[in-house]
Amino acid sequence: MVAGRVFYEISERGRFLLRSLAHLLLPVSCLGCGQVLYWHEQHICLSCRHQLLPTLWGKGDEAPLSKRLRSLLPIRTVYAPYFFVGPMRHIIHQIKYGGHPMAAEHLGAEIAKGLKTLWRPDEYPDAVVPVPLHPKKHRIRGYNQSFLLAKGVGRSLGRPAKNWLVRTIHTPSQTTMSAAGRWDNVQNAFQSRRLPRRIRHILLVDDVITTGATTVACGRALLRRHPNLRLSIAALAVPWQ
Ligand SMILES: [Zn+2]
């Protein structure tokens with residue numbers, strides 16, 4: 001017991017020293033504002049942290065987005081820790097296009113922290129599944145930011161992150177589309193792989209849920225193949241409502 005504690009403290013100090021040393025050699029910038037971080041800051045500076053707008057969704061809260069998604073799919077939990085405003089917009093842009101795998105996993109752990117306040121351990125999902133990129137886009141970008149977030153969530157909940165959804169249709173960039181166009185565009189873009197029998201509850205993870213079109217399309221793909229599956233949805237951010 002004592003030996004375990006001593007080892008834990010040594011490894012904690014070791015990690016701290018390594019991080020300080022790495023910081024000296026390779027200064028790291030804040031994902032929100034680009035300023036060089038102080039040694040005690042991880043991925044996001046304190047100033048940006050203070051500007052993040054938490055959703056504060058707790059047990060029993062029915063946010064408008066959650067209500068809308070629930071009206072379309074039998075979803076168990078919908079959760080996001082932050083609103084997509086202020087530095088969070090830049091943070092998500094950075095993890096999407098800037099290649100920050102460690103930061104994405106770290107932010108995934110933040111999502112999991114909120115989920116742990118909503119679920120008892122026996123209610124945790126069996127696996128975490130990211131919203132996939134089309135293979136062509138994946139090849140160009142080299143990674144899927146939602147998979148990295150899912151990995152962070154899964155590690156924190158003690159569950160695996162699995163690429164069990166496949167994007168079969170390459171849809172054009174949706175940023176300039178109307179909400180209705182975006183919705184139609186994506187509805188048949190995904191397919192679910194066959195899941196192992198023991199899988200009863202899946203947590204679907206995306207970086208940001210905007211209209212919910214992609215999330216609903218992914219959820220439908222999973223339920224089409226596995227109608228008895230329980231489904232929960234988590235993202236790093238949702239629009240301010
Ligand atoms: Zn910052």
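Modeller: Happy to! Please keep in mind that this is a predicted model. Just after helix 7, the phi of Gly-158 is positive, at about 75°.

Now step back into the helix. Helix 7 runs over residues 145-157, which makes 13 residues. From its first C-alpha to its last it reaches 18 Å, close to the 18 Å expected at 1.5 Å a residue.

Next, look at how covered it is. Eleven of the 13 residues in helix 7 are buried. They include the run from Gln-145 through Ser-146, Phe-147 and Leu-148, and also Val-153, Gly-154 and Leu-157. Lys-151 is on the list of buried residues too. What does the covering? Among the elements over these buried residues are helix 4 (87-97), helix 5, strand 3 (127-130), strand 6 (201-208) and strand 7.

Setting aside its neighbours within four places in sequence, Val-153 is in contact with Gly-108, Ile-111, Ala-112, Val-128, Leu-203, Val-205 and Ala-234. Val-153 is also one of the residues with the most contacts inside the largest nonpolar core, alongside Ala-234, Leu-236 and Ala-237. That core has 59 residues. Its largest share, seven residues, comes from strand 7 (residues 230-238).

Leu-157, at the other end of our list, leads us to a neighbour. Leu-115, in helix 5 (residues 101-118), touches Leu-157, as well as Tyr-79 and Ala-234, not counting residues up to four places away in sequence. Leu-115 counts as buried because it has 21 C-beta neighbours inside 10 Å, and 20 or more is the cut-off for that word. Leu-115 also shows how a chain can fold back on itself: Gly-58 is 57 residues away in sequence, yet the two C-alpha atoms are 9.0 Å apart in space.

Finally, back to positive phi. Most residues other than glycine have a negative phi. With that in mind, have a look at two residues elsewhere in the model. His-43 has a positive phi near 70° and sits in the loop between helix 1 (2-25) and helix 2 (46-51). Leu-56 has one of about 55°, in the loop between helix 2 and helix 3 (64-72).

Technical notes
Residues numbered from 1 in each chain as written. Predicted model: local features only at pLDDT ≥ 70, side-chain atom pairs only at ≥ 80, totals over all residues. Helix = DSSP H or I, 4+ residues; strand = E, 2+ residues; numbered from the N terminus. Buried ≥ 20, exposed ≤ 12 C-beta atoms within 10 Å, placed from the backbone. Contact = placed C-beta atoms within 7 Å. Core = buried A, V, L, I, M, F, W, Y, C linked by C-beta atoms within 7 Å. Expected span 1.5 Å × (residues − 1).
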